[in-house]
Amino acid sequence: MMERIDLAPLLREAVATSYTDLVTRPTGVLIRSRIEARIAASPFPFALLDFTSIGLLDFSCADEVVAKLLLGDDGARPRFVVLRGVSESHRDALDHVLEHRQLTIVALAAQDLRPCLLGLRTPDLLTAFDAANRIGPGDAHRLAETLGWTVERAADALQSLALRRLIHAAGGTFRPLPLL
């Protein structure tokens, strides 16, 4: 199960207006604090931030809402965050701030529901992420066999994905994040 957080109603509540643009750092701080409260109260380790009804997303809000949310994860309770309804303009702002902070997140584009990575990406990270989502749960041996890699290379890629909370790891098995 996953906690779904629609950002448009949070924005309306936080700034008491009907506009749908996430702009200015103070607005981002307000939205992030509401997201953090929702995540803290949720029994689920997975959160889906829905950008579908958000118009403009500027760099300062992308930094406050997404990058600082990821940076604020103290690890006491594992937290996995997925973005949904990400438009091309959202993607540009998110990619910029996440790369700058050397962070990565799973996103679902507004046009389709195929998962992709935003932010810091390496070729091995991208290849392993795509394969893990395509083949489903498995271990380093399964990924290595699928990609024609060594088990060590597959294990390193899976470990990198797990440390960035882009896949879920438990008992030597790696699972794609639930996306809906």
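How many residues of E2 are buried? Five of the five are, so E2 is largely enclosed by the rest of the structure. Buried here means under 20% relative accessible area, exposed means over 50%, and partly exposed lies in between (1.4 Å probe, protein chains only). Helices (H or I, at least four residues) and strands (E, at least two) are DSSP runs, numbered from the N terminus.

The structure is a predicted model, in which local features need pLDDT of at least 70, side-chain atom pairs count only at pLDDT 80 or more, and totals for chains, interfaces and linings use all residues. Residues are numbered from 1 along each chain as its sequence is written, and side-chain values use heavy atoms, with hydrogens and water left out.

Both faces of E2 are covered. Phe46, Leu48 and Asp50 are buried on one side. Ala47 and Leu49 are buried on the other.

E2 belongs to an open sheet of five strands. The order is E1-E2-E3-E4-E5, and the pairing is mixed. Strand E1 (3-6) and strand E5 (115-119) stand at the edges. Each has a single partner strand, so one side of each is left without a neighbour in the sheet. Neighbouring strands are turned by 30° against each other on average, direction ignored. Angles run from 0 to 180 degrees between N-to-C directions, and axes are lines fitted to C-alpha atoms, for helices over the stretch in contact.

Strands of a sheet pair through backbone hydrogen bonds, either parallel or antiparallel. Two strands are taken as paired if DSSP finds at least two bridges between them. E1 and E2 run parallel and are joined by four bridges. Ile5 has Leu49 in E2 as its bridge partner. E2 and E3 also pair in the parallel sense, over five bridges. Between E3 and E4 the sense is parallel, with four bridges. Leu83 stands opposite Ala107 in E4.

Helix H4 (residues 88-100) packs on the sheet and touches E3, E4 and E5. Its direction makes about 50° with that of E5. H2 lies across E1 and strand E2 (46-50). H2 runs at about 160° to E1. Contact means heavy atoms within 4.5 Å.

Arg32 is found in H2, which spans residues 25-41. At 15% relative accessibility, Arg32 counts as buried. Neighbours within four places in sequence aside, Arg32 is in contact with Glu64, Val65, Lys68 and Leu69.

Ala128 sits in helix H5. Its relative accessible area is 0%, so Ala128 is buried. Residues up to four places away in sequence not counted, Ala128 touches Leu143, Leu147, Trp149, Ala157 and Leu161. Ala128 and Arg165 are 37 residues apart in sequence. Their C-alpha atoms are 14 Å apart in space.

Rolling a probe the size of a water molecule over the atoms shows where empty space is left. On a 1 Å grid over the protein atoms alone, a cavity is a set of points where a 1.4 Å probe fits but cannot get out, and a pocket is an open set with protein on both sides within 12 Å along at least five of seven lines. Lining residues have an atom within 4 Å of a point. Grid points are joined across faces, edges and corners, and a volume is the space filled by probe spheres set on the points.

The largest pocket holds about 240 Å³ of space. It is lined by 15 residues, of which Leu70, Thr104, Leu163, Arg164 and Arg165 are the closest to its centre. Helix H3 (59-71), strand E3 (80-86) and strand E4 (104-109) each supply at least two lining residues. H3 gives the largest share, three residues. By class, the pocket lining has nine nonpolar, two polar and four charged residues. Ala, Val, Leu, Ile, Met, Phe, Trp, Tyr, Cys and Pro count as nonpolar, Asp, Glu, Lys and Arg as charged, and the others, Gly among them, as polar.

Two cavities of 30 Å³ or more are present. Among the residues that line the second largest cavity are Glu3, Phe46, Ala47 and Arg79.
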